[in-house]
Amino acid sequence: MPLSLRKIACIGAGYVGGPTMAVIADRCPDIDVTVLDLNAERIAAWNSADLPVYEPGLAAVVSRARGRNLRFVGQTEGAAYVAAADAVFISVNTPTKTEGEGAGKASDLRYVESCARFIAAHATGHTIVIEKSTMPVRAADCIKSILATARPGVTFDILSNPEFLAEGTAIRDLEQPDRVLIGGERPESIAALAEIYRRWVPTERILSTGLWSAELSKLVANAFLAQRVSSINSISALCEVTGADIGEVAAVVGADSRIGPKFLRASVGFGESCFQKDLLSLIYISESYGLTEVAAYWQQVVDLNQWQKHRFADQIAAPIADAEGSLRGRRIAILGFAFKKDTNDVRETPAIDVCRQLLARGATLAVHDYRVTPESVRSELGAQGVEVAATPEAALAGADGVAVLTEWSAYATLDWALLAGMLKAGAVIHDGRNIVDATAVRRAGLTLRSIGRGAQTNA
Ligand code: UDX
Ligand code: UDX
């Protein structure tokens with residue numbers, strides 16, 4: 001008899017687990033969906049009007065399904081739902097290890113392992129365990145060995161179903177994915193999960209592969225995306241010294257259908273919780289198999305990203321630092337702290353490195369962002385020398401320099417004619433996202449420095 005998944009559970013109510021389960025519940029009213037999390041505060045927020053994750057469209061999806069076939073519960077209460085589930089997704093964080101073997105590179109699987117132990121302790125009958133978190137290739141081996149400790153008669157199968165959603169467009173990416181990937185060893189388990197996605201995803205977009213290919217594909221997809229950003233950022237530096245324009249170069253290169261136009265926006269650097277972590281994981285895996293050249297190749301993508309952030313911070317400092325390079329007494333307006341627009345997420349945001357570097361040189365920062373909370377900014381930067389501004393104007397008042405670090409649409413239409421008078425004389429605007437209206441800035445008599453374009457003034 002074909003398997004049918006009527007009850008599912010998901011451990012981890014984060015940026016991935018929460019929105020993914022909400023969309024499944026919304027699209028499949030007949031499937032009972034429970035999301036569990038150790039963090040009681042997070043669960044309370046998922047059950048309130050103030051969701052813990054900001055994503056356009058998410059609130060509407062949650063409000064349709066919550067209380068009908070979608071529930072958010074704490075870990076203890078969730079045990080009974082795991083026991084009753086036909087399938088359990090693991091969607092907990094897999095950060096870079098900070099200690100032990102592989103520290104600084106390998107993914108830390110301790111949360112995944114504790115989920116596997118929880119599932120082994122509570123599951124009944126036959127349960128499909130689904131890796132939703134990004135895992136190192138062959139992580140399923142480790143999950144399998146933990147599940148093997150379950151009571152006799154309790155059986156499992158493992159699938160890898162990595163998520164490709166991007167933050168800020170999570171709901172659109174979940175509702176209209178380029179592809180859904182399901183890796184596994186048993187066709188009937190793959191078919192059972194595919195049946196859920198088939199409710200709204202065209203069959204030809206549901207790809208099935210072996211388990212190891214699925215695990216590796218997710219790491220490689222993120223590595224390729226990050227590589228494109230580092231590639232275009234490397235060329236941005238070359239543009240600045242040669243007088244070429246990065247926008248023009250990217251448009252020409254991207255017009256080749258073999259290359260394509262997406263992911264060629266030069267920037268202050270890529271951020272977010274996955275790119276660097278997944279690159280480091282890929283590097284670690286390559287090294288552990290003795291593939292040093294492969295590891296070195298991907299390491300360069302990480303290094304270039306670090307270099308771009310430092311290069312940008314140095315450019316902000318250059319016109320206002322004293323002879324010793326100090327920024328003491330200088331106030332710098334930071335417009336944008338999230339790693340990209342339309343999200344409140346600050347994990348690995350390039351703003352952290354840029355700001356820390358400026359603070360280390362003695363600057364005072366006035367940080368503005370439309371979604372990031374003051375607590376989030378302070379938890380990354382501390383309170384010393386950091387002011388969180390409620391409006392862009394408040395950040396700009398009295399600033400010696402301005403840095404645009406997130407591409408919030410509103411920063412593209414700032415009224416520079418009005419704002420120019422609030423800045424200190426000679427203040428340069430450094431655009432880390434190439435969104436500032438260059439004509440408006442020039443007309444206001446200010447100097448703009450864009451990534452890959454060099455300085456633009458009226459002179
Ligand atoms: C995503 C991906 O799923 C993951 O592969 C990647 O490593 C990081 O990005 P994400 O949803 O963004 O994860 O992570 P996060 O927002 O941190 O959510 C994880 C949730 O799992 C947290 O709410 C945390 O409290 C919860 N958790 C963690 C548990 O419920 N149990 C645990 O044992 C560990
Ligand atoms: C990414 C992947 O896109 C997604 O498939 C995966 O599941 C998780 O990681 P996300 O990090 O949310 O999603 O956003 P993305 O739009 O990919 O941007 C990542 C970073 O690269 C951001 O800091 C962004 O500003 C930067 N970026 C992106 C650029 O600097 N230039 C570009 O052209 C594109």
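**Polar contacts and overall form**

Modeller: A polar side-chain atom of D37 sits 2.5 Å from an oxygen atom of ligand 1. This is a predicted model, where local features need pLDDT of at least 70, side-chain atom pairs count only at pLDDT 80 or more, and totals for chains, interfaces and linings use all residues. Residues are numbered from 1 along each chain as written, chains are lettered from A and ligands numbered from 1 in written order, and side-chain values use heavy atoms, without hydrogens and water.

Colleague: What makes the D37 pair a polar contact?
Modeller: A polar contact is a pair of N or O atoms within 3.5 Å, and D37 has its polar atom at 2.5 Å from the ligand oxygen. T94 also places a polar side-chain atom 2.5 Å from an oxygen of ligand 1, while V16 has a polar backbone atom 2.9 Å from a ligand oxygen. The protein buries 91% of the 690 Å² that ligand 1 exposes when taken alone (Shrake-Rupley method, 1.4 Å probe).

Colleague: Why is the chain called as compact as a globular protein of its length?
Modeller: The chain has 17 helices and 15 strands (DSSP runs: H or I of at least four residues, E of at least two). Its radius of gyration, taken over C-alpha atoms, is 24 Å, close to the 23 Å that the globule rule gives for 459 residues, so the description holds. That rule is 2.2 Å times the number of residues to the power 0.38.

Note on methods
Polar contact = N/O pair within 3.5 Å; in protein donor to acceptor, adjacent residues only side chain to side chain.
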